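Please read them alongside the sequence and the coordinates.

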Amino acid sequence: RHGENETTICLASAKSRNDFRGMSKEAEENSSSFVIVVHAGAGDHPKQAEVGLLRTIRRALRAAHSAVSNGDNGQTVITKAISILEDSPLTNAGIGSSLNLDGEVECDASIVDGSDPNAFASVAALKKIKNPSKAAVKVLDFKLKSDLPCGLLLGSAAALVSSGANSFCVEQGLAEAELSTPDTKNQWVKYQKRLGAPRSMETVGAVCIVGDRGQAAIAAASSGGSWMKHPGRIGAAGTFGTACYASGWRGSSVSGQGEALISGLAAYEIVRSLARDEMESQTTLLAGRDAGVISVDASSGPRDA
């Protein structure tokens, strides 16, 4: 964590193949070694919400465990974990996200698969889609199925925004939902009247590696963005190398004030620091920015900067 009032609530989980012994034969055969780190965002988390946030993160980890046991790949594992965070009104992602100047929720999400330098996709300024992280995965899947450069085959793209992103999600059959809650609406009304500032909570995210050593890291992020943002604003979770990045067996997810992180390609630079084995440089990269980071390196397990 960085910043006087900023904290990042996160939990990590890891299992080797030996940890699955004693399960059903089918589950044991399907299960792989894995590590996953999940965070609920940097911010001034109210003390009364911390227990609920930790409970939500544990549910996300259990969902990841279950997906690994079912033989799911890393993209599915990380998406199931992030979806749990998005479904919780306690986080600033999916349901319960911050409202913009018009009193609407616009979400950003992205995913990076470290096995392929082209495996990045994002959605931004997305409205009324329950799980923006699933939308990012759909965009990535659509992109990687194309044999031609992005945008030249069947509308393939690395990033989709606003109404185009919404249309794509509807076409893909993704669930829609009302993302604002009575609590966020009340906060918005109070802020409009200058009666108080809404709580500051930022991007949620996760990093995972599923499989034996040598498997690639996958990083993902999801966010409702900053409170009272201008409609159409794209934050860290919607931009390349900012809220999440992975390359080979290293990955990172960063949470904090979007504009400050975007200018420094925060997650990308942190993964580069992992490759150089310069842990201290992670702290230096975020110096002066209220932000938190989680990172994973397959050679050494989870790291928390």
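1. Basis of the comments. This is a predicted model, in which local features need pLDDT of at least 70 and side-chain atom pairs count only at pLDDT 80 or more, while totals for chains, interfaces and linings use all residues. Residues are numbered from 1 along each chain as its sequence is written, and side-chain values use heavy atoms, with hydrogens and water left out.

2. Helix packing. Helix H3 (residues 74–87) packs against helix H4 (residues 132–144) at an angle of about 155°, and their axes are 8 Å apart; the helices (H or I, at least four residues) and strands (E, at least two) are DSSP runs, numbered from the N terminus. Axes are lines fitted to C-alpha atoms, for helices over the stretch in contact, and angles run from 0 to 180 degrees between N-to-C directions. H3 and H4 are therefore roughly antiparallel to each other, a term that applies to angles over 145 degrees.

3. The contact between these helices. With contact meaning heavy atoms within 4.5 Å, H3 contributes Gln75, Thr79, Ile82, Ser83 and Glu86, and H4 contributes Pro132, Ser133, Lys134, Val137 and Leu140.

4. Aromatic rings. Rings of Phe, Tyr and Trp (its six-membered ring) pair if their centres lie within 6.5 Å, and planes under 30 degrees apart count as stacked, over 60 as edge-to-face and the rest as tilted; by this rule there are four aromatic pairs. The pair of Phe240 and Tyr245 is edge-to-face, because the ring centres are 5.7 Å apart and the planes stand at 85°. Tyr245 also forms an edge-to-face pair with Tyr268, at 5.0 Å centre to centre and with 70° between the planes. This second pair links distant parts of the chain, since Tyr245 lies in strand S8 (residues 244–247) and Tyr268 in helix H8 (residues 266–275), 23 residues apart. Phe120, Phe240, Tyr245 and Tyr268 form one aromatic cluster.

5. Buried means under 20% relative accessible area, exposed over 50% and partly exposed in between (1.4 Å probe, protein chains only). Tyr245, at 14%, counts as buried, whereas Phe240 is partly exposed at 38% and Tyr268 is partly exposed at 25%.

6. Remaining residues. Glu259, which lies in helix H7 (residues 258–262), counts as partly exposed at 39% relative accessibility. Glu259 and Ala236 are 23 residues apart in sequence, with their C-alpha atoms 7.1 Å apart in space.

Key:
Angles under 35 degrees count as roughly parallel, over 145 as roughly antiparallel, 65 to 115 as roughly perpendicular and the rest as oblique.
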